[in-house]
Amino acid sequence: MKTLLGLALLVSLTGTLHAQKNSEEAQRIANREKMRSALTTAGVKLGVDFRQSDRQPFNFIGSLESGLKNAQSIEILVMIGTRDVITVQAYPHLRGGGYINVGRAGNGTGLMRKLLG
């Protein structure tokens, strides 16, 4: 009797977890589509053409190239995560190529202010 009850509980729990996972995935897809629309609108205003990543369907990539004083461009990565988490990362590129590593700069905050100013 205990085994049967335990098995029924396990099957019920597995079904609930599967439904929850499907619900989270559906929400993530809905968030991606909302972000696509928002990035299209904001991209026009900022002069950034955001596109969906070929490698990761929940990432958008854009590049800001105008209006910068000390950097050639800023690569912008927007990631749509699970549980309504959206992460934005920006990577400034040096003139002539290469990334700027503020972690290695003597004054990282000052460097960022100069690059983004």
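Two helices and four strands make up this chain. This is a predicted model, so please keep that in mind throughout. Going along the sequence, the order is α-β-β-β-β-α.

Some totals next. The chain has 117 residues, and 22% of them count as buried. The exposed surface comes to about 8,600 Å², with 58% of that supplied by carbon and sulfur atoms. As for contacts between residues at least 6 apart in sequence, 28% join residues at least 24 apart.

The largest nonpolar core is made of 12 residues. Among them are Met 35, Leu 39, Phe 58, Phe 60, Ile 76 and Ile 80. E3 gives the most, with 4 residues.

Which residues does Ile 80 touch, leaving out those up to four places away in sequence? The list includes Arg 28, Asn 31, Arg 32 and Met 35. Ile 80 also touches Phe 58, Asn 59 and Phe 60, and then Val 85 and Ile 86.

Two of those contacts, Arg 28 and Arg 32, come up again at Phe 58. The charged end of Arg 28 sits over the ring of Phe 58, at 3.9 Å from the ring centre. Arg 32 also has its charged end over the Phe 58 ring, at 4.7 Å from the centre. Aromatic pairs, on the other hand, number 0 in this structure.

On to the loops. Lys 69 lies in the loop between E2 and E3. Is Lys 69 buried or exposed? Its relative accessible area is 59%, and the cut-off for exposed is over 50%, so Lys 69 counts as exposed. Lys 69 and Leu 115 are 46 residues apart in sequence, yet their C-alpha atoms are 6.8 Å apart in space.

The loop between E3 and strand E4, where E4 runs 86–93, holds Arg 83. Asp 84 is found in that loop between E3 and E4 as well. What is phi at Arg 83? The value is near 55 degrees, which is positive in a residue other than glycine. Asp 84 is not a glycine either, and has a positive phi of about 60 degrees. Arg 83 is exposed, with a relative accessible area of 69%. Asp 84 is exposed too, at 54%.

To go back over the main points: E3 gives 4 residues to the core, Arg 28 and Arg 32 each place a charged end over Phe 58, and the E3 to E4 loop carries Arg 83 and Asp 84.

Key
Residues are numbered from 1 along each chain as its sequence is written. This is a predicted model: local features need pLDDT of at least 70, side-chain atom pairs count only at pLDDT 80 or more; totals for chains, interfaces and linings use all residues. Side-chain values use heavy atoms; hydrogens and water are left out. A nonpolar core is a set of buried Ala, Val, Leu, Ile, Met, Phe, Trp, Tyr and Cys residues joined through side-chain atoms within 4.5 Å. Buried means under 20% relative accessible area, exposed over 50%, partly exposed in between (1.4 Å probe, protein chains only). Contact means heavy atoms within 4.5 Å. Accessible areas come from the Shrake-Rupley method with a 1.4 Å probe; for residues, only the protein chains shown count as cover. Rings of Phe, Tyr and Trp (its six-membered ring) pair if their centres lie within 6.5 Å; planes under 30 degrees apart count as stacked, over 60 as edge-to-face and the rest as tilted. A charge sits over a ring if NZ of Lys or CZ of Arg is within 6 Å of the ring centre and within 35 degrees of the ring normal.
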